[in-house]
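Here are my notes on this model, written as numbered points. Have the sequence and the coordinates open as you read.

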Amino acid sequence: MEKVIILTGASRGIGRAAALMLAKENIVVMASRDINALIELKKEIGASGGKSEALPCDVAKENEVKKMIEDTIQKFGRIDVLINNAGFGIFKRADKFSLEEVENLFRVNLFGVFLCVKYTAPYMIEKKNGQIINISSVAGLNGFKGGSAYSATKFALNGYSESLREDLKEFGIAVSLVCPGGVNTGFGGAVADGKISRDFLLEPEDVARTIKYLVDESETANAKMIELKPRRRKEFR
Ligand SMILES: NC(=O)c1ccc[n+]([C@@H]2O[C@H](COP(=O)([O-])OP(=O)(O)OC[C@H]3O[C@@H](n4cnc5c(N)ncnc54)[C@H](OP(=O)(O)O)[C@@H]3O)[C@@H](O)[C@H]2O)c1
């Protein structure tokens, strides 16, 4: 069955790969700050017969999240799946962070998810059905050098997701976490600046395939967490 899917952070990387894969069988509402990139992606999806919509949204801004979700409901009448993928990283020694940098990481990686859930969940609760898929990281399961602030946001996201699942399961809403290791995207930080080798990384399509598996999961099941490792990588991530 064709699902209406909101996918944040669809303009690049994992989100872009997931949008291309999911739009073959679903309607994907792509949300991020770079509306021009989303419009180009919408054209690409349309050219190969897929269905999507491009909506501008900074997930850290409550008014933009609220509008993006209201616009989705106005246009498609329902939200079957929310994929919280928007996120970024800053990596350095713990004492080198400014408070503002840490606050910004939490604003996007955690509060952005909180806002998208806050405004989407009521529609799913009303329908007594839905799926929320949160893109976390192995950094939400393990600490690592330089990862203090980023890991803190992803550990927090994992804790939030565990409780969210308990809150929503009586309404038939599944909550899943995907925790990928290093992915070959332009993701800011250690991977992008070459401190972590690009050898043996996951490809964005690997994560997209895992997301698609969750979107296609049966209505009676809820895979709680998938930790996706690059197969040949020596380091934990
Ligand atoms: N790459 C990795 O190694 C890795 C590993 C594990 C987990 N992850 C997680 O996977 C997710 C996607 O990462 P990626 O590797 O695909 O990164 P990416 O290539 O840098 O893409 C990040 C996406 O998030 C969006 N985004 C960032 N800030 C946003 C905001 N304030 N509001 C709305 N959208 C925002 C960006 O869109 P705009 O710039 O258009 O807003 C972009 O589409 C993140 O949550 C990341 O933490 C990544």
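1. Let me start with a charge over a ring: in Lys118 the charged end sits over the ring of Tyr119, 5.6 Å from the ring centre. The label applies if NZ of Lys or CZ of Arg is within 6 Å of the ring centre and within 35 degrees of the ring normal. Lys92 does likewise with Phe97, its charged end sitting over that ring at 5.5 Å from the centre.

2. Some ground rules. This is a predicted model, in which local features need pLDDT of at least 70 and side-chain atom pairs count only at pLDDT 80 or more, while totals for chains, interfaces and linings use all residues. Residues are numbered from 1 along each chain as its sequence is written, and side-chain values use heavy atoms, with hydrogens and water left out.

3. Now the aromatics. The structure holds five aromatic pairs; rings of Phe, Tyr and Trp (its six-membered ring) pair if their centres lie within 6.5 Å, and planes under 30 degrees apart count as stacked, over 60 as edge-to-face and the rest as tilted. For Phe91 and Tyr150, the centres are 5.1 Å apart and the planes stand at 65°, so this pair is edge-to-face. Phe91 comes from the loop between strand 4 (81–84) and helix 4 (99–127), and Tyr150 from helix 5 (residues 148–168), so the pair ties together parts that are 59 residues apart in sequence. Helices (H or I, at least four residues) and strands (E, at least two) are DSSP runs, numbered from the N terminus.

4. Are Phe91 and Tyr150 buried or exposed? Both are buried, where buried means under 20% relative accessible area, exposed over 50%, and partly exposed in between (1.4 Å probe, protein chains only). Phe91 and Tyr150 also belong to one aromatic cluster with Phe144 and Phe187.

5. Tyr150 leads on to the ligand. Which residues come nearest to the ligand? Of the 28 residues around it, they are Arg12, Ser32, Arg33, Tyr150 and Thr185, with a residue counted as near if one of its heavy atoms lies within 4 Å. Helix 1 (13–22) and helix 5 each supply at least two residues of this shell.

6. The shell by class: eleven nonpolar, twelve polar and five charged residues. Here Ala, Val, Leu, Ile, Met, Phe, Trp, Tyr, Cys and Pro count as nonpolar, Asp, Glu, Lys and Arg as charged, and the others, Gly among them, as polar.

7. A polar side-chain atom of Tyr150 is 2.6 Å from a ligand oxygen. For Arg33, an N or O atom of the side chain lies 2.7 Å from an oxygen atom of the ligand. Val183 takes part through its backbone, with a polar atom there at 2.8 Å from a ligand oxygen. The protein covers 96% of the 880 Å² of accessible area that the ligand has on its own; such areas come from the Shrake-Rupley method with a 1.4 Å probe, and for residues only the protein chains shown count as cover.

8. Asn26 is placed in the loop between helix 1 and strand 2 (27–32), and it counts as buried at 5% relative accessibility. What does its side chain reach? That of Asn26 gets to the backbone oxygen of Leu22 at 2.9 Å and to the backbone nitrogen of Lys3 at 3.0 Å.

9. Lys128 deserves a check of its backbone. Most residues other than glycine have a negative phi. Lys128 has a positive one, near 55°. This residue is in the loop between helix 4 and strand 5 (130–135) and is exposed, with a relative accessible area of 53%.

10. Ala31, in strand 2, is buried with a relative accessible area of 0%, and its C-alpha is 5.0 Å from that of Leu55, 24 residues apart in sequence. Gly181 is in the loop between strand 6 (173–180) and helix 6 (204–215) and counts as buried at 7% relative accessibility. Ala152, in helix 5, counts as partly exposed at 32%.

How values were computed:
A polar contact is a pair of N or O atoms within 3.5 Å; within protein, one must be able to donate a hydrogen and the other to accept it, and residues adjacent in sequence count only if both atoms are side-chain atoms.
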